[in-house]
Amino acid sequence: MQHTSEHFVQNSRIALADAQLKPVLGAVTTFLPALRQKAIDQTPEFEALRDYAVAMKDHVLDHLETYLADFERAVQARGGAVHHAAGAEDLNRIVLALCAGADVRKVIKGKSMVGEETNLNDALQGAGLEVLETDLGEYIIQQAGEPPSHIIGPALHKSKAQVAELFRQKHDLGERNLDDVPQMVREARQMLRERFLSADAGITGANALVAENGSIMLVTNEGNGDLCSILPRLHIVIAGIEKLVPTVEDASALHRVLCRSATGQITSAYTTFYSGPRRAEEPDGPVAFHVILLDNGRRAMRAGKYRSMLRCIRCGACLNHCPVYRHVGGHAYGWVYPGPMGSVLTPLMTGLERAVELPNACTACGRCEETCPMRIPLPEHLRQLRDDAATAGITPRAWRLGIGAAMTAFRWPWLYRASSGLARSAVAFLGRHPGVLRRVPVLRGWAQGRALPAPQAETFMGRWQRRQHGKSGEHRL
Amino acid sequence: MSTSAPARPRVALFVSCLVNVFRPTVAEAAIALLEQAGCEVDVPPGQSCCGQPGYNAGAIAAARPLAQNLIRCFEDYDYVVAPTGSCTGMIVEHYPRLLAQTPGWHERAVALAARTFELTHFLHTVMGFVPAPCKGTASVSYHDSCAGLRELGIRQQPRALLAHAGVQVQEMQGTEICCGFGGAFCAKLPAISTAMADEKLANAVASGATTLAGGDLGCLLHLEGRAAVTGISLEFRHVAEVLADAHVAGHARDTAPDVGAGHARDTAAPVAPPQPSLNVHLGSEPG
Ligand code: SF4
């Protein structure tokens with residue numbers, strides 16, 4: 001997938017101008033928070049669950065390598081294999097090798113953000129394999145040739161009419177009625193059915209990797225993940241190393257938090273634990289079972305100040321509650337992960353220089369942190385990234401110098417008062433001369449679409465001091 | 001300094017940059033309300049910026065000396081009160097973190113944070129203040145600024161004060177959603193910022209109110225600046241202005257209310273303030 005995070009400003013302008021997108025985003029970022037709230041209102045123990053999930057994940061992060069070793073042993077004991085991928089290309093290479101070894105031609109995929117992270121589809125297709133996404137949203141965007149715009153609803157940016165039009169283009173099924181959603185779902189299902197049955201390999205993600213027994217928990221609402229896991233002879237699970245949990249109990253706690261936070265469900269339609277390949281006495285299941293664990297910057301994250309980001313369970317709540325996401329949608333962020341969590345992950349995984357605007361795409365309103373089930377201090381991480389950008393000299397010079405000069409001047413109260421007086425006169429002047437304001441670095445952004453309200457005749461501190469002097473010692477100043 | 005609740009607490013007003021530069025009448029109104037509530041109000045002349053612009057825009061270390069200056073300047077009072085949720089949030093939520101590794105300063109930051117309040121929170125919850133009824137006040141909707149709402153839990157306090165003053169708040173849709181100001185955000189990403197403002201303004205207009213009140217001047221100036229361009233006629237007033245002075249229309253009024261002339265409206269007993277820090281440090285200006 002193309003990486004366009006450095007063009008966030010232009011991307012967001014395109015999104016803002018998209019008249020079709022606006023109502024869709026408005027609806028999504030209204031109904032998903034409402035569903036979440038309703039589910040949480042019906043779960044009095046939700047805050048305790050959050051605390052449990054956070055403490056559990058922190059514990060796993062403290063003992064990551066131990067749990068990884070446990071998990072690997074448990075998978076092997078059940079006849080599966082575990083592979084370690086340091087980076088995106090490593091993961092893709094391992095998948096390709098597994099496919100080549102099992103003579104795979106056709107691959108079906110369940111939804112996986114790790115797959116998006118490593119651009120797996122392109123790698124598979126580049127090697128001549130046929131790849132089909134089977135999650136409805138992923139299927140839609142694959143047909144449209146677009147990247148996902150939301151981590152739990154990859155095609156949430158598309159309206160009903162746009163999907164109908166796409167299906168008419170891509171499915172050669174003649175004249176038919178496609179006015180309502182069930183008709184479209186039926187059609188997609190019809191297109192997918194036979195591909196499920198003829199696939200050689202299925203690739204899915206994982207919502208949790210259980211260290212105690214080597215199971216992987218997969219949460220879906222369409223059951224497509226199960227078909228990808230059970231029908232083909234090869235099942236490959238791809239997941240980030242942070243998906244580890246110690247016990248099935250822990251996976252279940254995470255599941256409760258995840259479903260409520262993501263879609264306001266008490267439980268998803270399908271939740272399955274997979275444990276290794278088909279055993280002799282079992283009627284179905286894959287012949288071979290492989291788990292590939294991706295690092296891709298995660299161990300580095302674990303070692304530093306962004307460690308808490310590894311608690312993320314990819315529920316999407318921070319996107320749904322972000323006022324910036326609400327207006328620009330997922331594509332503007334330019335990579336796999338959008339919204340607040342994406343604005344932290346993208347710079348950390350792909351380099352701050354390539355994503356320097358993302359940490360700025362935040363008003364520090366705090367709604368994401370308030371909603372994040374894993375209590376990740378997202379605004380704080382974005383603040384730290386802005387600091388990193390300034391330290392690395394990536395932030396535009398005018399901003400660095402402007403902020404630096406103000407912060408230095410304000411260390412001396414007399415200079416603060418003097419500069420406030422000057423600032424007052426300056427904004428009074430600039431308010432009357434917007435043409436000039438539009439040319440002042442740093443401030444010119446204000447002039448885009450806004451007038452500068454007129455300040456009153458004198459600063460408060462100036463007025464107050466004058467008055468206190470007039471009162472000659474009446475007040476203690 | 002006494003450790004029991006002072007009958008007439010000594011309150012230091014932290015003015016904040018935007019109020020200082022753009023709208024001194026907000027500080028005047030805050031002083032009038034605090035005095036009416038029975039406080040002895042001081043405006044420490046050594047105050048400067050709280051450091052938030054740098055803290056949020058990639059200059060975290062540069063915010064530290066400003067935080068230290070503010071603590072030195074204000075820690076000798078019973079309370080610090082500011083007519084802004086965002087700068088109060090900086091002091092209450094972020095100073096302890098900002099100074100966590102600075103020897104000798106963390107405790108001072110924590111002690112000051114415990115005695116620092118946003119204006120409406122202080123008036124309503126700490127002082128139990130009941131403002132005088134407003135005369136002929138226009139219909140008001142209320143914008144909850146994010147830092148106040150989420151860092152400090154300011155939501156019902158300004159509404160309660162307004163209700164006491166006889167102002168019925170006409171609630172708008174999406175009060176919990178950010179207006180798009182966001183400090184540097186509004187200048188760095190103006191197109192998104194104004195799109196957010198437009199949604200907020202549309203909701204405010206749809207509420208039927210003619211005045212939009214709020215507790216943070218940054219949001220109000222941003223919305224006012226946007227409304228001026230898009231032709232929306234709403235009046236934007238800080239909640240202190242509405243409460244202190246309901247019968248003088250218009251925020252551009254440049255004559256100050258009669259500071260100090262307010263009388264205590266002794267209708268509710270003040271709750272005891274937290275014990276002031278024993279670590280009294282007489283402030284001096286750095287440098
Ligand atoms: S950061 Fe939190 S809210 Fe956002 S996707 Fe991750 S777990 Fe969910």
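Biologist: In which helix do Phe460(A) and Trp464(A) lie?

Modeller: Both belong to helix 23 of chain A, residues 460–470, and are four residues apart, about one turn of the helix. Helices are DSSP runs (H or I, at least four residues), numbered from the N terminus. This is a predicted model, in which local features need pLDDT of at least 70 and side-chain atom pairs count only at pLDDT 80 or more, while totals for chains, interfaces and linings use all residues. Residues are numbered from 1 along each chain as its sequence is written.

Biologist: Why is the pair Phe460(A) and Trp464(A) called stacked?

Modeller: Rings of Phe, Tyr and Trp (its six-membered ring) pair if their centres lie within 6.5 Å, and planes under 30 degrees apart count as stacked. Here the centres are 5.7 Å apart and the planes at 25 degrees, so the pair is stacked. Over all chains, the structure holds 10 aromatic pairs.

Biologist: What is the mean pLDDT of chain B?

Modeller: On this confidence scale, from 0 to 100 for each residue, the mean of chain B is 86. Over its residues 246–287, the pLDDT is below 50. Where pLDDT is low, the predicted coordinates should not be read in detail.

Methods. Chains lettered and ligands numbered in written order. Heavy atoms only, no water. pLDDT = per-residue confidence, 0-100. Contact = heavy atoms within 4.5 Å. Phe/Tyr/Trp six-rings, centres within 6.5 Å; stacked < 30°, edge-to-face > 60°. Helix = DSSP H or I, 4+ residues; strand = E, 2+ residues; numbered from the N terminus.
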